Amino acid sequence: MRLSLKQIIRPLTIVAVLLLCHACRHRELCFDHSHTSPVSLVFDWSLAPDADPHTMVVWFFPVDGTAGTRFELLRNGTTTRGEADFNAEVKVAPGQYFIVCHNGDTDNNLEHGNTFRSYGIHTYDDNILSPMNRDDDAPRPGGTDSQPIRSQANTLYAHTHPDIVTLWPSASDAVRVVLKPREVTAVYNVLITGVENLTADVEASAVVTGVAEQWHPASEGPGGAEVIVPFALRHCGSDCLKGSVVLFGDNAPHDIPHKLRVYVSYKYYYDFDITDQIHEAPDPQNVDIVVSGLRLPQGAGSGLSPGVSDWGDVTEQEIQM
C-alpha cells in the first residue's frame with residue numbers, strides 16, 4: 001500500500017514534538033535545587049548597634065581561590081530591638097567558602113577583586129582642594145609624590161566569618177551563618193587651636209598623608225599603598241578650626257611619616273607632623289589630632305582663584321602658595 005505524503009509527515013511530526021517535550025523536561029532538571037545549597041544569613045548587630053546601612057553585601061569566596069559569588073541584600077525593616085534587618089536565605093553552589101559581609105550603597109566606597117585574597121574596598125581618585133570645591137593644582141606635602149590622592153571613605157561596617165563554611169550538595173536544611181558587622185573604618189578628629197588673624201571669609205581644608213589605601217577582608221584590616229586624603233575644615237571659634245575625616249586606618253607598624261597640611265583660601269598652606277599622634281593613639285579607630293600655632297597673614301583677604309597654577313616659594317613657618 002502506498003502512503004500519502006500527509007500520512008508520512010504526521011507521525012514524524014508527533015515524534016518530533018515528543019522529543020522536544022522530553023528535551024524541555026530535561027532542561028528543567030538542569031536547574032533543580034539539588035545543585036545548590038540553602039544558606040540562612042543572620043545579622044547580629046551587637047557590635048554596631050548604631051549602624052543604619054541601606055544594603056548589605058555578602059560574598060561567598062571559594063577556599064580554592066576561584067571567583068566568589070556576590071549577593072546584595074535589601075533591608076527588610078527593623079528587628080524588635082530597632083536594628084536593621086537584612087536576614088535572608090540564599091542558595092549557593094556546594095563547596096567550602098570564606099564568607100565576608102559589609103554595607104553597600106555608599107557614595108565613596110568602591111569594591112575591587114573577586115577572590116578572597118584580592119578583594120578589598122577603596123575610594124576614588126580625588127584632588128587636594130576638593131573640600132573647597134577648587135580644582136587648583138595646590139602643592140602636595142614633600143616626600144609624598146608616590147602617594148595617590150584619594151577621597152575619604154564612607155563608614156564601613158564589615159565582618160569576615162571566622163570559620164570556613166562547608167555547603168553539601170542536595171542539602172535540604174539551610175546552613176545557618178551568623179554575621180556580626182562592626183565598624184572597621186577609622187575617624188581622625190582634627191582640632192587646630194591658636195589660629196591668628198582668622199576672619200569669617202577664610203575657607204580652609206586639609207590633607208593627612210601616609211594613610212591606608214583600602215580595607216582587606218582577608219586580613220580584616222587596612223592595607224594597600226599609602227595615600228593622601230583631603231577633608232574640610234570649619235570654624236569653631238574666633239581662633240580655631242576643626243574637621244573630621246573617615247579613613248581605612250594606618251598601615252602600621254611602619255616608618256612612614258604622617259603630615260597634616262592645612263590649606264587656606266588665600267593661598268597659604270601650613271605643615272604639621274602628626275606621626276606620633278597617629279601611631280600612639282590609644283584607639284587607632286578614633287584618633288584625636290590637636291595642633292596649634294597657625295598664623296594667617298593679616299588682612300590678606302580671600303584670594304584663591306580658579307586657574308592659578310604658579311605657586312610661590314616655600315618657607316618653614318609660613319609657606320606662601
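The chain exposes about 17000 Å², of which carbon and sulfur atoms supply 51%; accessible areas here come from the Shrake-Rupley method with a 1.4 Å probe, and for residues only the protein chains shown count as cover. The model is predicted, so local features need pLDDT of at least 70 and side-chain atom pairs count only at pLDDT 80 or more, while totals for chains, interfaces and linings use all residues. Residues are numbered from 1 along each chain as its sequence is written, and side-chain values use heavy atoms, with hydrogens and water left out.

The chain has two helices and 21 strands. Both are DSSP runs numbered from the N terminus, helices being H or I of at least four residues and strands E of at least two. Of the 321 residues, 43% count as buried, that is, under 20% relative accessible area, with exposed meaning over 50% and partly exposed in between (1.4 Å probe, protein chains only). Among contacts (heavy atoms within 4.5 Å) in the chain with a separation of 6 or more, 72% come from residues 24 or more positions apart.

A pair of aromatic rings is described by the distance of the centres and the angle of the planes. Rings of Phe, Tyr and Trp (its six-membered ring) pair if their centres lie within 6.5 Å; planes under 30 degrees apart count as stacked, over 60 as edge-to-face and the rest as tilted. The structure holds 11 aromatic pairs. One of them joins F61 and F116, a tilted pair with 6.1 Å from centre to centre and 50° between the planes. Because F61 lies in strand β2 (residues 55-62) and F116 in the loop between β8 (110-112) and β9 (120-122), this pair ties together parts that are 55 residues apart in sequence. Both F61 and F116 are buried.

F116 also pairs with F98: the ring centres are 4.1 Å apart and the planes lie at 15°, so this pair is stacked. F98 belongs to strand β7 (residues 95-104), and its pairing with F116 in the loop between β8 and β9 therefore ties together parts that are 18 residues apart in sequence. F98 is buried at a relative accessible area of 18%, and F116 at 8%. Ring pairs link W59, F61, F98, F116 and Y119 into a cluster.

Elsewhere, the structure holds one disulfide, defined as a pair of cysteine sulfur atoms within 2.5 Å. This disulfide joins C236 to C240, with 2.1 Å from S to S. C236 is partly exposed at 28% relative accessibility, whereas C240 is buried at 11%.
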